Amino acid sequence: MAKIGIFFGSTEGNTERVVNLIQESFGDDAELHNVNSASADDMQEYSYLILACPTWEIGRLQEDWDSFIDEIENVDYTGKKVTYLGLGDADGYPDTFLDALGIIHDRIKDKGASFVGTWPTDGYNFNTSKGVMNGKFLGLAIDEDNQKDLTQSRVEKWVQELKNEFI
Ligand SMILES: Cc1cc2nc3c(=O)[nH]c(=O)nc-3n(C[C@H](O)[C@H](O)[C@H](O)COP(=O)(O)O)c2cc1C
């Protein structure tokens, strides 16, 4: 059985493309679930979770995540490792860059999971983000609007690091 569940929402397809890259890098160990048709029971099956959400509408969750967000509080996170993938546009929305990560994290941070896969903020031109904690992004930060050429190498480096966590 796959150990890694990747739960994503994507309005315009950017996040979907990136989670496909991530899934391919992990191979049979990882499975994709669109949150528009997922449940807490689906999340419960995995030891490792990647929660992937773009920020929309100036600091808000992507619409399918907005409908799904209550569901993630119904998971027993004991023993699970959780990380995040955030997509955003740092030039267009520098004051709410990747806010969705912080919004999701707030819902589950005290529920017993360990959080892994943080990512440095170097190289991203933004002002403020709810997705930053202790000086690092809560998970992988991808900007398809301005730094598309860096996506592949960022994904490869992050997945390599995660393979040491997801064992
Ligand atoms: C109307 C609108 C509002 C947006 N608001 C934000 C925002 O507040 N913060 C951010 O980082 N990105 C914001 N974005 C950028 C999207 O998150 C980005 O384009 C992302 O790649 C979309 O992912 P998706 O194709 O998976 O839906 C916004 C984009 C649009 C068009």
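Begin in this predicted model with the open sheet made of three strands, whose order is E7-E9-E8 and whose pairing is antiparallel. Select strand E7 (119–120) and strand E8 (132–133) to see the edges of the sheet, since each of these strands pairs on one side only.

From here, turn to the aromatic rings. Select Phe97, Tyr124, Phe126 and Phe137, which form one aromatic cluster.

The model holds 10 aromatic pairs by the rule applied here. For one of them, select phenylalanine 7 and tyrosine 46, whose rings are edge-to-face, with 6.0 Å from centre to centre and 75° between the planes. This pair links distant parts of the chain, 39 residues apart, as phenylalanine 7 belongs to strand E1 (residues 4–8), while tyrosine 46 sits in the loop between helix H2 (40–44) and strand E3 (48–56). Colour the two residues by accessibility, and phenylalanine 7 comes out as buried, with a relative accessible area of 0%, while tyrosine 46 also counts as buried, at 2% relative accessibility.

Now move to tyrosine 84 and phenylalanine 115, an aromatic pair that is stacked, with 6.2 Å centre to centre and 5° between the planes. Tyrosine 84 lies in strand E5 (residues 81–87) and phenylalanine 115 in strand E6 (residues 114–115), so their pairing ties together parts of the chain that are 31 residues apart in sequence. Tyrosine 84 is buried, with a relative accessible area of 1%, whereas phenylalanine 115 counts as partly exposed, at 28% relative accessibility.

The last stop is the interior. In soluble globular proteins, nonpolar side chains tend to be buried together. Here the largest nonpolar core has 54 residues, and those that touch the most other members are Ile22, Ile50, Leu51, Trp65 and Leu85. Strand E3 gives the most to this core, with six residues.

Which residues does leucine 51 touch, leaving aside those up to four places away in sequence? Select leucine 51 and display its contacts: Phe7, Met43, Trp65, Val82, Thr83, Tyr84, Leu85, Ile104 and Ile108.

How values were computed: Residues numbered from 1 in each chain as written. Predicted model: local features only at pLDDT ≥ 70, side-chain atom pairs only at ≥ 80, totals over all residues. Heavy atoms only, no water. Phe/Tyr/Trp six-rings, centres within 6.5 Å; stacked < 30°, edge-to-face > 60°. Helix = DSSP H or I, 4+ residues; strand = E, 2+ residues; numbered from the N terminus. Buried < 20%, exposed > 50% of the residue type's maximum accessible area, 1.4 Å probe, protein only. Core = buried A, V, L, I, M, F, W, Y, C linked by side-chain atoms within 4.5 Å. Contact = heavy atoms within 4.5 Å. Pairing = 2+ DSSP bridges.
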